[in-house]
Amino acid sequence: MTTVTENRLAELKKKLESREARIGIVGMGYVGLPLALLFSSERFHVTGFDIEARKVNTLNSGGSYIVRILPASIQEAQKAGFRATSNYTEISQMDAVIICVPTPLNEHHEPDLSYVTGTVESLAPYIHEGQLIVLESTTYPGTTEELVVPILEKGNLFGLKVARTLDDSGIHVVFSPEREDPGNDSVARHDIPKVVGGCGPAASQLAAVLYGSIFRRVVPVSSPSVAEMTKLLENIYRCVNIALVNELKQLCMRMGIDIHEVIDAAKTKPFGFQAFYPGPGLGGHCIPIDPFYLSWKAKEFDFQTRFIELAGEVNLHMPYFVIEQTAAGLNDQCKSLKGSKVLVLGLAYKRDIDDLRESPSLTIIELLREKGALVFYNDPYFPTVGHGRHYDLNMTSTPLDNLGQYDAVVIVTDHSDYDYKAIVEQSKLVIDTRNATKGIQSPKIVHC
Ligand SMILES: NC(=O)c1ccc[n+]([C@@H]2O[C@H](COP(=O)([O-])OP(=O)(O)OC[C@H]3O[C@@H](n4cnc5c(N)ncnc54)[C@H](O)[C@@H]3O)[C@@H](O)[C@H]2O)c1
């Protein structure tokens, strides 16, 4: 006799193979939109859900609001049936729903799960038996079981429960972390293995079938908590190692050693070492934020995550270090920060992307202003910058000409379009926080 799950699996497999399966992706941002395009490129019928009408309208008119995603890609997806909506009633037509909404920190540096809970509350009334619900937003271990499952069970209209055994009917709930790395084209998206942890064996198997149709390798783990923790381990590993090189950079500077030369030499070791690079501080939606999801949760277990706290302390200090080095560079030219004209090169949190969330350049600009400098910026990805959750700048990108008018040029983001040789030649003083001027010899450069 076949179990409920075997029937359900066979049905979903058939629907996936024939491309009849309808996939809903909630949150059309940096994670959700590329995922929607990936499913669409495999001829799946995808509906993108977002609460921002501007995004929905742009997508439905074949446009894009993310620089590296071309309108042509959206139009190609539309041919496969892709469309966007803010109407949650359409959730009922989906076979699988994947949630990719933000998970920021609140003003007290604690997890803000309001987007996740708000989304799940909105979609719960429209879910149906046998549906697969996947959370991809990065979060602390326990979120899927402790927050998502109760809302789904309470909010659905059919009294459905989450399927825990192979014989259970009900809803199938999974956590599957996103491993998107914007701007990194070294690995094709479908070659990045996909971790899935279901609330029951059926959920894991269904998710493996779903993701197996777009990713070459699916890695099932025993529970959502393991999958949630896997993502945090990956990001904490980066955060701690970046803090380590940021600290060693400061020591190396005092010792007159070039940290970048050291890293280049160390990475020739074919085992046991992975290169991380120092910089002006952490940025982006993940590395500066995710570790604090775990340190917050750890307190519930009377546990202090000391590596996370220490790494946070070192990394948070880096923009202040950049200010100190800029002041020292100006001092060597008998100038002070107060009254100096300073150009910040690059706003994005990393090279060649249009994302400035948590970018260290925002802090650096504010600190320079506090010290009395006249601050300008240039970034080809941001013609203007207004205000956000943690900044209020209201500035316009200045053209990259007449660099001699600035007392200092601070390279915060090493976009590849910049001509660093010309920048050094034309500037009076260059503070290079990214080793962007590697190979250029000039007394005007301060590496920091
Ligand atoms: N950006 C990355 O590189 C990256 C990488 C890995 C993991 N993540 C994680 O993925 C998640 C999403 O990140 P992102 O960068 O895509 O965020 P984002 O801000 O770019 O996109 C989130 C989208 O969700 C929409 N949204 C918010 N509430 C909604 C709701 N109730 N219903 C429908 N839509 C809603 C927003 O309008 C926005 O378009 C986060 O948990 C993040 O930590 C991000």
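How do the residues of the lining of the second largest pocket divide into nonpolar, polar and charged? The structure shown is a predicted model, and in it that lining divides into five nonpolar, six polar and seven charged residues. The space in this pocket comes to about 280 Å³. Its lining is made up of 18 residues, of which Ile257, Asp258, Ile259, His260 and His447 are the closest to the centre of the pocket. Two elements, α8 and α9 (259-266), each give two or more residues to the lining. The largest share, four residues, comes from α9.

Helix α8 covers residues 224-255, which is 32 residues. How far apart should the ends of such a helix be? At 1.5 Å a residue, α8 should span 46 Å. An α-helix has 3.6 residues a turn, so residues three or four places apart point the same way. After α8 comes Gly256, a residue with a positive phi, near 75°.

The next site to look at is the ligand. Around the ligand there are 27 residues, and the ones that come nearest are Val31, Asp50, Lys55, Tyr88 and Thr103. By class, this shell holds 13 nonpolar, seven polar and seven charged residues.

Some individual atom pairs can be picked out here. Val31 has a backbone N or O atom 2.8 Å from an oxygen atom of the ligand. Val101 also places a backbone N or O atom by a ligand oxygen, at 3.5 Å. With Thr119 the side chain is involved: one of its N or O atoms is 2.9 Å from a nitrogen atom of the ligand. How much of the ligand does the protein bury? Taken alone, the ligand exposes 830 Å², and the protein buries 93% of that.

The model has one cavity of 30 Å³ or more. The largest cavity contains about 50 Å³ of space. Its lining consists of Glu178, Arg179, Glu180, Arg189, Ile192, Pro193, Lys194 and Phe215. Sorted by class, the lining of this cavity has three nonpolar and five charged residues, with no polar ones.

How values were computed: Residues are numbered from 1 along each chain as its sequence is written. This is a predicted model: local features need pLDDT of at least 70, side-chain atom pairs count only at pLDDT 80 or more; totals for chains, interfaces and linings use all residues. Side-chain values use heavy atoms; hydrogens and water are left out. The expected span of a helix is 1.5 Å times one less than its number of residues. A residue is near a molecule or strand if one of its heavy atoms lies within 4 Å of it. A polar contact is a pair of N or O atoms within 3.5 Å; within protein, one must be able to donate a hydrogen and the other to accept it, and residues adjacent in sequence count only if both atoms are side-chain atoms. Accessible areas come from the Shrake-Rupley method with a 1.4 Å probe; for residues, only the protein chains shown count as cover. Ala, Val, Leu, Ile, Met, Phe, Trp, Tyr, Cys and Pro count as nonpolar, Asp, Glu, Lys and Arg as charged, and the others, Gly among them, as polar. On a 1 Å grid over the protein atoms alone, a cavity is a set of points where a 1.4 Å probe fits but cannot get out, and a pocket is an open set with protein on both sides within 12 Å along at least five of seven lines; lining residues have an atom within 4 Å of a point. Grid points are joined across faces, edges and corners, and a volume is the space filled by probe spheres set on the points.
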